[in-house]
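Notebook open. Today I'm looking up helix packing and aromatic pairs.

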Amino acid sequence: MDLNTLFKGRFCCFLKDPLEEAETWGESVDKLLCSKPGQAAFRQFLKSEYSEENILFWLACEDYKKIKSLPEMISSANRIYSEFVECEAPRQINIDCGTRENITKNISQPSLTSFDAAQKLIYSLMARDCYPRFLKSDIYQDLLRRADAR
């Protein structure tokens, strides 16, 4: 899906026009990740680089930290673990074996901080590696051109 399709007719769902917001995404990875359309554009970029699992995991962790009930926490922790963390997971993230082993050891009794170390590693990977490439990408540069043309 290209960004025209991604944002077409969806401006009503965002507080601001995504094109107006696009320029601020270049200020920091945090500004990008705090923006729903920024997340969508970054996800599209990561998908093109076959590393979409990074933002999906990061977003899943953000949602996980908002959970209030223990049954929901256990269910969500197991889903995140099986989708992103365990060896051979369908969207396995690239983390060191120590972090993976620590999560595996503690998954039977999850807490709201169960994935913090892994989330920090993935955030760092995105910030230092993926984000600079995103800023140079055709996806982002096209958004900036479209914003300037307005």
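Before I start: I call a residue buried if its relative accessible area is under 20%. I also keep in mind that this is a predicted model.

Entry one, aromatic pairs. I find eight of them in the structure. I looked up Phe45 and Phe134 to begin with: their ring centres sit 5.7 Å apart with the planes at 65 degrees, so I log the pair as edge-to-face. Phe45 belongs to helix α4 (residues 36–48) and Phe134 to helix α8, so this pair ties together parts 89 residues apart in sequence. Both Phe45 and Phe134 come out buried.

Next I took Phe57 and Phe115. Here the centres are 6.4 Å apart and the planes stand at 85 degrees, so I have another edge-to-face pair. Phe57 is in helix α5, while Phe115 is in the loop between α7 (97–106) and α8, so the two tie together parts 58 residues apart in sequence. I note Phe57 and Phe115 as buried too.

Which residues do ring pairs link into a cluster? I get Trp25, Phe42, Phe45, Phe134 and Tyr140.

Entry two, α5 against α8. The axes of α5 (residues 53–64) and α8 (residues 116–136) come within 10 Å and cross at roughly 140 degrees. That makes α5 oblique to α8, because an angle has to be over 145 to count as roughly antiparallel. I have the crossing down as left-handed.

For the contact, I list Phe57, Trp58 and Cys61 among the α5 residues, and Ile122, Tyr123 and Met126 among those from α8. By class, I see 10 nonpolar, two polar and one charged residues where α5 meets α8.

Terms used:
Residues numbered from 1 in each chain as written. Predicted model: local features only at pLDDT ≥ 70, side-chain atom pairs only at ≥ 80, totals over all residues. Heavy atoms only, no water. Axes fitted to C-alpha atoms, helices over the stretch in contact; angles between N-to-C directions. Helix = DSSP H or I, 4+ residues; strand = E, 2+ residues; numbered from the N terminus. Parallel < 35°, antiparallel > 145°, perpendicular 65-115°, else oblique. Left-handed = near helix turned anticlockwise from the far one by under 90°. Contact = heavy atoms within 4.5 Å. Nonpolar A, V, L, I, M, F, W, Y, C, P; charged D, E, K, R; others polar. Phe/Tyr/Trp six-rings, centres within 6.5 Å; stacked < 30°, edge-to-face > 60°. Buried < 20%, exposed > 50% of the residue type's maximum accessible area, 1.4 Å probe, protein only.
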